[in-house]
Amino acid sequence: MHSFVNDLERSVGTYLYGRRMYETMLFWETVRAAAGHPPVMEDFAEIWQAADKIVYSRTLETVSSARTRIERDFDPETIRQMKEGAERDITIGGPELAAQAIKAGLVDEFQLFLTPIVVGGGTRSLPDKVG
């Protein structure tokens with residue numbers, strides 16, 4: 001599964017994150033520094049570290065990863081312009097941020113993975129009243 005996701009993520013040039021998702025993903029900033037991880041994890045770490053990251057948060061003071069900046073407000077028009085000029089894919093992580101992007105008509109493709117484990121804090125993956 002991890003190799004499959006890695007191959008999907010290779011085309012990503014920018015990750016858009018809510019604060020909590022960003023804090024979860026920070027693990028990938030330093031995974032190579034910790035010994036004993038399987039090659040598939042190190043592969044994903046390289047993919048993640050090579051991409052730009054934008055964190056949407058009104059409370060986060062600083063970021064703890066390279067190629068990362070904080071935006072205080074999600075502006076759909078800015079993302080539209082970013083999409084038009086992007087040479088690589090843009091992904092969105094975090095249900096609240098994704099819901100804003102979906103409602104603004106910015107999402108071209110959904111990729112949901114069903115696995116025999118539960119992740120997340122119980123927030124729904126897709127917002128109501130879209131379509």
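Residues are numbered from 1 along each chain as its sequence is written. Because the model is predicted, local features need pLDDT of at least 70 and side-chain atom pairs count only at pLDDT 80 or more, while totals for chains, interfaces and linings use all residues; side-chain values use heavy atoms, without hydrogens or water.

**Cores**

A nonpolar core is a set of buried Ala, Val, Leu, Ile, Met, Phe, Trp, Tyr and Cys residues joined through side-chain atoms within 4.5 Å. The largest one has 15 residues, and those with the most contacts inside it are Y15, Y17, M25, W28, F44 and W48. Elements giving two or more residues to this core are β1, α2 (19-25) and α4 (39-50), where helices (H or I, at least four residues) and strands (E, at least two) are DSSP runs numbered from the N terminus. Five residues, the largest share, come from α4. Apart from this core lies another, of nine residues, with F74, M82, L97 and L106 among them. In soluble globular proteins, nonpolar side chains tend to be buried together.

Leaving out residues up to four places away in sequence, W48 touches Y15, Y17, M25, L26, W28, E29, K53 and S65; contact means heavy atoms within 4.5 Å.

**Around D52**

D52 lies in strand β2 and T14 in strand β1 (residues 12-18). With neighbours within four places in sequence set aside, T14 is in contact with A51, D52, I54, M82, D89, I90 and T91. D52, counted likewise, touches G13, T14, Y15 and R67. Between D52 and M82, 30 residues apart along the chain, the C-alpha separation is 12 Å.

R67 sits in the loop between β2 (52-56) and β3 (68-71). Its phi is positive, about 55°, although R67 is not a glycine. The side chains of D52 and R67 are joined by a polar contact of 3.0 Å (a pair of N or O atoms within 3.5 Å; within protein, one must be able to donate a hydrogen and the other to accept it, and residues adjacent in sequence count only if both atoms are side-chain atoms).

**Accessibility**

Buried means under 20% relative accessible area, exposed over 50%, and partly exposed in between (1.4 Å probe, protein chains only).

| Residue | Relative accessible area | Class |
|---|---|---|
| T14 | 13% | buried |
| D52 | 32% | partly exposed |
| F113 | 36% | partly exposed |
| R67 | 47% | partly exposed |

F113 is found in the segment after α6 (95-103).
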